[in-house]
Structure formats: C-alpha cells, structure tokens
Amino acid sequence: MKHLVFIPTGLNSPMLEVLLSEAQKLIDEKKSVEIILLDHSHKVFACSKNIFSQKIISISSNEKIKYGLKRLSGYYKIDYITNNNNYKNITNKINFKDSETFKKFKYEDVDFGNAVYSSYVGLSRDANFDGFLKVYSCKNLLTSSLNMYFFFKKKIFKNKCKIILFNGRHNEARPIVRLCQKNKILLDVLEFSGDGEKNIGVRRFKNHLPTDLVEMEKVIKDFWKYKSPKSNKCDYYFKYKKAGRVINDKASYILKQKKKLLPYHWDNKKKNIVYFTSSQDEYSCLGGIYDKTIYKNQNESIFKIVKDFKKINNNKYNLFIRCHPYLEKVFWKYNEDVINLHDPKNKVFVIKPGSLVSSYEMLLNADKVLTYNSQTGIEAVYWEKPSIILGRRIYENLNCVYKPKNHKDVLRLLFKDNLKAKSKLGSIIYASYWVDGGFTYGTFSGSMKLGYKFKRKFISNSFFIKSLYLVSKAIQYYTYNYILNFQFGKIFKNGKKK
C-alpha cells in the first residue's frame with residue numbers, strides 16, 4: 001500500500017514539521033511513501049496562504065519544503081500536481097458574487113464552495129463577500145482545488161493507498177478528504193493543538209475533519225470513557241488559558257489586556273450579560289450540521305438580540321458585547337456594524353477588539369455568558385457561569401451549556417432570573433481530550449513561542465527568500481486586500497447604489 005503524504009504549502013508551522021515527521025516515521029517503518037507537492041512552474045496554485053496567487057509566496061513555500069525534504073532520510077518518492085487545467089466548464093456556471101450561494105456549491109457531491117470560502121475569508125476576512133477581488137480570488141482558489149482533486153482522484157484509482165494530510169478545512173485539502181470519504185480510501189488528517197503543559201499535541205483523525213461535530217463528540221466522549229487518566233481533572237488547561245499561556249497552539253490575546261480591568265459601565269448592582277464574539281470565518285464555512293442554527297450567522301444573532309434587549313430590558317440588565325481581540329485589524333463593514341451597536345443609554349455596551357478591558361475579568365464577574373461558537377463558551381462552564389451557545393460547537397452535547405431552540409428561547413434564557421450554571425463535568429471531559437489525547441514524534445519538537453523543529457533543527461529559508469516573502473505578505477495585506485479588495489470594493493458598491 002502506498003502512503004501519500006500531501007504537503008501543499010511549507011508556510012504553515014507546525015504543519016510542515018508534523019508532516020515531515022509523519023513521513024519519516026513511515027519511511028522508518030519500511031512503508032511505501034510518496035510525498036505529493038504542488039508544481040507552481042506552469043501556474044501558481046491559489047491556497048489558504050496565497051489567495052491572490054502571488055509568485056513570490058509560492059517560491060518561498062517551495063524553498064522551505066525543499067529544505068525540509070533534505071532532512072528526510074531513507075527512500076521515498078515525490079510526485080507533483082500541476083495547475084494546468086482551468087476547468088472553465090465548471091467555473092463559468094458558478095455565481096461567485098453571493099457568499100451564501102457560493103458556499104453551497106458542490107461538484108461530484110464535494111463541498112468545494114465551503115472549502116474555497118474558508119481559504120478566501122480566512123485570510124481576507126471578507127466574511128460578507130464585499131471585496132472587489134472576491135471573484136478573481138475564489139475562481140483561482142477553486143481552479144487550484146479542482147486540479148488537486150482530480151490528481152488525487154486519478155491516483156487513488158490507480159493504486160491502493162492511504163492519504164495523510166493536515167487540518168483539511170481549506171481548498172487545498174477538504175476536497176481530498178471528501179474524495180476519501182466517498183470512496184472509502186484510508187485517510188489520516190493530522191492536526192496540532194498543544195495544551196500549554198506537555199508537547200503531545202499532534203492529533204490523528206481517522207477519515208474525518210477535526211471539526212466534524214458528530215465524529216469529534218464521539219472522539220471526546222470515548223477518550224473520557226476509555227483512555228482519560230482523570231487524575232488532575234485538567235484544571236490547568238483552563239487556568240493556563242486564563243493566565244495567557246499558549247493553549248491549542250493559539251497565541252494568547254489576553255496578555256495585551258489589563259488584569260482585573262472591567263468596562264467603565266460595569267455595574268454589579270445589575271445583572272451583567274456578556275456576549276463573547278469569535279472570528280466569524282472559521283465556523284461559517286463548515287456547512288452541513290453547522291448551518292443548522294437559529295440564526296444565519298453570528299452578526300445576525302447579535303443584531304436580533306440587541307434589538308429585542310432594548311425593547312424588553314427594564315433597566316435590570318446590562319448587555320456587554322466583547323469583540324474578539326483577533327478582530328482588531330479587520331476593516332470590513334460587518335465588524336464595524338457590531339461596534340456601532342454601542343448604546344449606553346439602552347444598556348448595550350460594545351467592548352472593541354483592541355480594548356485593554358480584561359476578557360477574563362468580565363467572564364468571572366458575568367451573570368450569564370453568550371457565545372456563538374467560541375471556546376469561551378466551555379471556559380464559562382469551568383468557571384461555573386451559565387453558558388448559552390447560539391451556534392454549534394463540539395462541546396454542545398456534553399450536558400454543560402444551554403442550547404436554545406429559537407430566538408424566543410434565547411430571550412427567555414437571557415431574562416430568566418437566577419439561571420443556574422450547568423454541570424462543570426462537561427468542561428473537564430472536553431479538556432481531558434485536549435490535554436491527554438495527543439501524541440508526538442521523536443523528530444518533532446519546539447513550541448509556538450520559540451518555533452517548531454524537525455530533527456532538532458528549524459526549517460527556515462535564506463535571508464533573501466525570507467525578505468522577499470515578508471515584502472510579498474505586506475503587498476498581500478495592504479495592496480491586494482486593503483486597497484484593491486476593500487477600498488475598491490467600497491467604491492464599486494457605492495457606485496452601484498447610485
């Protein structure tokens with residue numbers, strides 16, 4: 001059996017280090033290993049790290065992969081995917097201008113639309129599809145995705161094989177995940193999420209995405225039942241997050257905040273409800289069960305709740321909307337729309353993303369916590385707060401959060417006096433998997449703070465390539481995304497209205 005290790009980009013760390021470690025492990029076990037790479041010589045592939053198809057970004061990715069491959073020892077093969085078919089017979093029939101229509105696009109029952117949307121919005125942050133370059137970018141992302149998909153489709157019908165890739169959410173990988181699921185091809189989706197304590201954060205998901213809600217619920221429950229040591233109850237997982245340690249391989253945003261600082265309008269004589277927002281793009285592109293929600297998206301939930309809160313509130317409650325710090329540099333209208341809801345007269349207070357107000361001090365002092373699909377929802381459970389989830393998250397069925405059935409039910413929970421926190425056990429079950437459910441390789445080391453290593457060495461480009469890459473990233477952000485995509489998008493939209 002061939003083991004196909006797919007490395008679409010070298011720019012994600014620790015993705016590259018993890019995939020190289022997996023390849024080395026398979027080589028050492030005398031398995032037949034083939035590493036699949038992207039050939040950018042004909043046409044640059046658009047992917048989640050390069051949504052505007054910039055040549056220098058692809059060169060930087062290739063050079064880093066080459067450096068990593070030199071450190072592999074033993075026998076393996078390399079095969080390349082070429083981006084040589086434009087698939088106009090498919091792309092010309094698609095409406096790229098409306099996000100909701102485009103997200104639903106499927107080809108051969110594969111959710112290409114959501115996969116492409118994930119890549120485009122994850123980097124551009126243009127969740128409402130207002131950008132001038134959205135059609136250009138999404139068409140390139142889809143074309144690249146189709147080339148990868150058909151390469152693997154041909155490959156799996158020629159050989160008995162197993163495919164290994166990383167994360168799987170974006171346009172470069174999700175169609176391959178679906179291809180394997182449809183054809184019952186063995187698939188390992190690798191992911192990394194450190195717990196802040198031990199370096200056993202590599203996870204292996206068999207034949208499903210790390211975000212597949214039903215599968216992940218089963219994984220977490222089974223781990224608790226059969227494998228969890230249940231010794232320390234994983235308290236440090238939540239305590240480290242509160243202290244600002246790096247957890248789940250995510251940078252801590254609270255370190256910029258001022259400890260113990262509550263909003264100016266906080267009043268302990270009133271009931272303080274806090275809605276902790278999250279980045280809308282990650283979960284809005286998953287489709288399927290994630291679309292079965294009360295509201296169309298997070299923003300709609302906020303607007304409807306605020307509107308009715310103003311009508312019903314009898315001056316007994318304060319509603320705080322704590323915008324996620326990750327949204328600080330988001331310049332799109334949907335972010336500004338939430339900030340503009342700030343209305344002290346009607347007891348609605350919006351805490352901006354860059355505010356020094358402490359998110360954890362708000363959490364610890366809140367009477368109720370609202371989230372859409374934020375990690376904060378399960379943290380609130382641990383800190384014994386009534387936690388109400390409005391979207392979907394893998395902890396929703398651990399009997400620890402309130403799941404309203406409709407908007408009316410949301411308002412009932414919102415204004416219910418003495419709403420009690422649910423069992424804390426659900427948060428411990430959840431944390432147990434993220435603390436003890438991973439593994440590591442002998443060839444993989446490092447940390448998010450210091451960087452990750454393969455075989456005790458950093459995989460790094462030359463100073464010249466690094467410099468070109470940094471310039472290209474600046475061009476990507478300022479020229480392509482801010483000036484062309486955002487500003488031209490505004491001009492074009494305003495021009496249409498006139």
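Reply: Buried means under 20% relative accessible area, exposed means over 50%, and partly exposed is in between, with a 1.4 Å probe and protein chains only. This is a predicted model, where local features need pLDDT of at least 70, side-chain atom pairs count only at pLDDT 80 or more, and totals for chains, interfaces and linings use all residues. Residues are numbered from 1 along each chain as its sequence is written, and side-chain values use heavy atoms, with hydrogens and water left out.

Me: Why is cysteine 161 called buried?

Reply: Its relative accessibility is 6%, and the cut-off is under 20%, so cysteine 161 counts as buried. Cysteine 400 counts as buried too, because its value is 2%.

Me: How do you know which disulfides there are? What is the count?

Reply: A disulfide here is a pair of cysteine sulfur atoms within 2.5 Å, and by that rule the count is 0. For cysteine 161, the nearest cysteine sulfur belongs to cysteine 180 and is 7.2 Å away, so cysteine 161 is in no disulfide.

Me: What makes lysine 139 exposed, partly exposed or buried?

Reply: Lysine 139 has a relative accessible area of 30%, so the label is partly exposed. The residue sits in helix α6 (residues 134-158); helices are DSSP runs of H or I with at least four residues, strands are runs of E with at least two, and both are numbered from the N terminus.

Me: Which residues does lysine 139 touch?

Reply: Leaving out residues up to four places away in sequence, lysine 139 touches Thr91, Asn92 and Phe96, where contact means heavy atoms within 4.5 Å.

Me: How do you know that the span of helix α2 agrees with expectation?

Reply: The expected span is 1.5 Å times one less than the number of residues. Helix α2 (residues 55-69) has 15 residues, so it should span 21 Å, and its end C-alpha atoms are 21 Å apart, which agrees. Among the buried residues of α2 are Ile57, Lys64 and Leu69.

Me: And what makes the chain fit a compact globule?

Reply: The rule gives 2.2 Å times the number of residues to the power 0.38, with the radius of gyration taken over C-alpha atoms. For 498 residues a compact globule would be near 23 Å, and the chain has 23 Å, so the two agree. Buried residues make up 57% of the chain, whose secondary structure comes to 17 helices and 14 strands.
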